[in-house]
Amino acid sequence: MTRMMILGLLNKFGSMSGYEIQQMLQSSQTEMWAYVQPASIYHALRKLQQEGKIILETVEHTGFRAKAIYKIAEDGVIELQQLVEQALAKSSVVFPAKLYTALTFMDELPAAVTVVALKAQEQEMAAVMAAMKHGEEMKAEAGAMTVQAAAVFSNIYAQVELQLEFVRNLIRDLEAEREEGQA
């Protein structure tokens, strides 16, 4: 995903420094939805340059600092197109494997502990939703909301809402079961 993100940004926005790419990734919260950590880009930039996918266009010097400016190479454009096509063709269905596995063995915990843990997950998902809504607002304010970005946000919200409903129903059922056992 990091390769596609770097190549895509360079192709879409033109020559950029690693810092500029990192800032774009951070402002887009890619670690949340694309699993791209902004700090991972420097290694990827070196590798892409070694492979001839990007070109070191220039190095700007400011005082004691040097800033490398990269641009996408023709081979990079070809790879970007291949990566995009592969990503679009591959199933993007992702199951919450950790949650499903934990639910398989939740009888190993007292019901009260399970409920507390599920409520923590519920709060975490609500925080993710709030962060994504904030990101959407920032993107809209910057005038960068495309049809594709709006569709992505809509899909993220639908997935988080579905997961929230699932966790809330589990909590409700576990609490009802616990109350029945005490009656």
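Reader: Is Phe166 buried, partly exposed or exposed in this model?

Author: Happy to start there, with the reminder that this is a predicted model. Phe166 has a relative accessibility of 31%. Partly exposed covers what lies between under 20% for buried and over 50% for exposed, so Phe166 counts as partly exposed.

Reader: How many aromatic pairs does a search of the whole structure find, and what kind is the pair of Tyr100 and Phe166?

Author: The search of the whole structure gives 2 aromatic pairs. For Tyr100 and Phe166, the ring centres are 6.2 Å apart and the planes stand at 80 degrees. Planes over 60 degrees apart count as edge-to-face, so this pair is edge-to-face.

Reader: Which helices does that pair link, and how many residues apart are Tyr100 and Phe166?

Author: Good one to trace on the structure! Tyr100 sits in helix α6 and Phe166 in helix α8, which spans residues 147–182.

Reader: Where is Asp107, and is Asp107 buried or exposed?

Author: Look at the loop between α6 (97–104) and α7 (111–141), where Asp107 has its place. On the surface, Asp107 gathers with Glu108, Glu177, Glu179 and Glu180 in a patch of negative charge. Its relative accessibility is 71%; over 50% is the mark for exposed, so Asp107 counts as exposed.

Reader: What distance separates the C-alpha atoms of Met145 and Phe64?

Author: Met145 lies in the loop between α7 and α8, and with a relative accessible area of 29% Met145 is partly exposed. Met145 and Phe64 are 81 residues apart along the chain, and their C-alpha atoms are separated by 38 Å.

How values were computed. Residues are numbered from 1 along each chain as its sequence is written. This is a predicted model: local features need pLDDT of at least 70, side-chain atom pairs count only at pLDDT 80 or more; totals for chains, interfaces and linings use all residues. Side-chain values use heavy atoms; hydrogens and water are left out. Patches are made of residues with over 30% relative accessible area and no salt bridge: like charges are joined within 9 Å, nonpolar side chains (Val, Leu, Ile, Met, Phe, Trp, Tyr) within 5 Å. Accessible areas come from the Shrake-Rupley method with a 1.4 Å probe; for residues, only the protein chains shown count as cover. A salt bridge is a side-chain nitrogen of Lys or Arg within 4 Å of a carboxyl oxygen of Asp or Glu. Lys and Arg count as positive and Asp and Glu as negative; His and the chain ends are not counted. The place of a charge is taken as NZ of Lys, CZ of Arg, CG of Asp or CD of Glu. Helices (H or I, at least four residues) and strands (E, at least two) are DSSP runs, numbered from the N terminus. Buried means under 20% relative accessible area, exposed over 50%, partly exposed in between (1.4 Å probe, protein chains only). Rings of Phe, Tyr and Trp (its six-membered ring) pair if their centres lie within 6.5 Å; planes under 30 degrees apart count as stacked, over 60 as edge-to-face and the rest as tilted.
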